[in-house]
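Q: Please walk me through this structure, starting with the words I'll need.

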Amino acid sequence: MTDVFVVGVGMTRFGKHPDSDATELGAEALLEAIADAGIDPRVIEAAYCGHVFQGMVTGQRILAQVGLAGLPLANVENACSSGATAIREASLAIRAGEHDVVVAIGTEHLTNQFQGALTPDPSDPEAAVGATMPSIYAMRARRYMEEFGMTREQLALIPVKNKSNAARNPLAHFRKAITVEDVLQSRPIADPLNLHDCSPVTDGAAAVIVMSDKAAKRYGKGRAIRLAASSLRTGSVDVVPTSMTFEPLTANTAADAYERAGIGPEDVDFCEVHDCFSIAEVLRVEGLGLFAQGEYPAAVERGEANINGRLPVNPSGGLLGKGHPLGGTGVAQVVEVVRQLRGEVGDRQIEGPRVGVAHCRGGKAVGIEGAACTVQILVR
Amino acid sequence: MTLADTSFRPGELEVREDGTGNLIGSRCNSCGAHFFPVRRACSGCLSADLETVALSTEGTLYTFSIVRQSLPNFEVPYALGYVDLPEGLRIMGQIGGCELDEIRIGMAMVLSLEPFGQDQHHNPLTGYRFTPVEAQDD
């Protein structure tokens, strides 16, 4: 079976794009990925497009914008993991031997859809009693504080870190560093979470071009990054309630990815994780096995997750700083990991990384731990 | 307090004429696991022999939040929590019957039927909240 390589990457600026839409943003990201790969667009054999709220056949509209026609294409919806799922599908098409050059696009124009907190699908029984996404994570934060003694100030250090990283990322939604005091003084959303603990409503798109061994040799020019694993899981149905301070779904998805990549958490040099809320970063890095349960907040306090720390987390700024255009998010994470591994990100560059992990987790359905989780491992 | 006898979610909350009611779930007749809402098959043993049952009305508060920003049809602030029932279920509901700053993890809670919004013809609906057991004794 062939290995899979990421050869071209592109992404738009993340933020508010009142004069654009998901199609234009997707086309911009795709054209940049094609240029980055240095390929004739006609060598692209298939496409997958991840988005959540952009309506029917968004991927086809994007391909039409850039003049590509006649390809097999599927639009992919998996909540906040939609873009990451598109990459997985692209990688499977290559591993299956069906294609040699496949593009995965993730796009979302969210500011024309939502102003405030995102809520689960209205059919969900928990949405019916007033659940919002921030309130669900707020409840997990309160329980984590109770069980592990995390302080409110420790939790605030996560948005402080990620927005400091975003300030060094010209494509990020937020470009201004903040303090713990700023987090604590920001508007309460769902206690104990305030506005700075929540990822913003963002527009943006990203695209990656993945290739087989054979195509990467031909087009990669030594810049190809190996996609060693692209794993996907849905949450199991709880037979008995499980802890809300640990994520078996993240752990199970990661176990599959580590096994496929032939590495363990000790080999990971940095990660981009799904920090939709401050507490989410804690749950994710502990679920990935990168820090022991209950220990991440203190590690952040010691600077271990900073860009110059032992294990940088969300050097791009993460969802909290870079922004969270649902479908675009998972693809943009892989764009950041690839650029870090290539050494292309300027003053937020991690020193000499070899292995990077991208983790997405999204969606909510009552009675299951989480809807869709992806873990992708990239190796230089 | 008079309550409408129309449940806000008839498949999930049974409302009786006397103002009492309960959440509705499934019990697996093969392994005994419980589920909410009703399911077609057991995720523990995959048996499809499931029975629709009334769920316990008392449990323990696992965690909670005070929600300060929500959808337009929910008046903020309100307390939202997860209550663990003895069947091994964790149920989300709003918390009522006490001040917001009195809520604590581990409190004993009881299901309480309360007015909960309106249908599309503006008829009142009945939903549920969890209230502290102590508040009921007062």
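A: Two strands pair if DSSP finds at least two bridges between them. Helices (H or I, at least four residues) and strands (E, at least two) are DSSP runs, numbered from the N terminus. This is a predicted model: local features need pLDDT of at least 70, side-chain atom pairs count only at pLDDT 80 or more, and totals for chains, interfaces and linings use all residues. Residues are numbered from 1 along each chain as its sequence is written, chains are lettered from A and ligands numbered from 1 in the order in which they are written, and side-chain values use heavy atoms, with hydrogens and water left out.

Q: In β3(B), which residue is the bridge partner of B:S26?
A: Start with the strands: β2(B) and strand β3 (residues 34-35) of chain B run antiparallel and are joined by two bridges. They make a hairpin with five residues between them, and B:G32 in that turn has a positive phi of about 90°. Across from B:S26, the partner in β3(B) is B:F35.

Q: Over how many bridges do β2(B) and strand β4 of chain B pair?
A: Here's another partner of β2(B): strand β4, residues 50-54 of chain B, in the antiparallel sense. One pair to look for is B:G25 with its bridge partner B:V53 in β4(B). For β2(B) and β4(B), the number of bridges is five.

Q: How many of the eight residues of strand β2 of chain B are buried?
A: First, the word: buried means under 20% relative accessible area, exposed over 50%, and partly exposed in between (1.4 Å probe, protein chains only). Strand β2 covers residues 21-28 of chain B and is mostly covered. Its buried residues number seven.

Q: Why is strand β7 of chain B called largely enclosed, and how many of its residues are buried?
A: Go along residues 89-95, which make up β7(B). The strand counts as largely enclosed by the rest of the structure because its buried residues number seven of seven.

Q: Which residue of β7(B) stands opposite B:L85?
A: Look at strand β6 (residues 78-85) of chain B, which runs antiparallel to β7(B) and is joined to it by seven bridges. The hairpin they form has three residues between the strands, with B:G88 taking a positive phi near 90°. Opposite B:L85 stands B:L89.

Q: In which sense, parallel or antiparallel, do β7(B) and strand β9 of chain B run?
A: Two bridges join β7(B) to β9(B), which covers residues 124-132. As an example, B:Q94 stands opposite B:R129 in β9(B). The sense of this pairing is parallel.

Q: Is B:G117 buried or exposed?
A: Find B:G117 in strand β8 (residues 108-118) of chain B. Contact means heavy atoms within 4.5 Å, and leaving aside neighbours within four places in sequence, B:G117 is in contact with B:N123, B:P124 and B:L125. Its relative accessible area is 52%, so B:G117 is exposed.

Q: How far apart in space are B:G117 and B:F8, C-alpha to C-alpha?
A: Sequence and space tell two stories here. Along the chain, B:G117 and B:F8 are 109 residues apart. In space, the C-alpha to C-alpha distance is 7.7 Å.

Q: What is the radius of gyration of chain B?
A: From the N terminus on, the elements of chain B run β-β-β-β-β-β-β-β-β-α. The radius of gyration is taken over C-alpha atoms, and the globule rule is 2.2 Å times the number of residues to the power 0.38. That rule gives 14 Å for 138 residues, and chain B comes close to it, so it is as compact as a globular protein of that length, with a radius of gyration of 16 Å.

Q: What is the radius of gyration of chain A?
A: Chain A has 13 helices and 11 strands. For its 380 residues the globule rule gives 21 Å, and chain A is close to that, so it is as compact as a globular protein of that length, at 19 Å.

Q: What share of the 380 residues in chain A is buried?
A: The C-alpha atoms of chain A fill a box of roughly 55 × 45 × 40 Å, taken along the principal axes. Among its contacts between residues at least 6 apart in sequence, 78% join residues at least 24 apart. The buried share of chain A is 63%.
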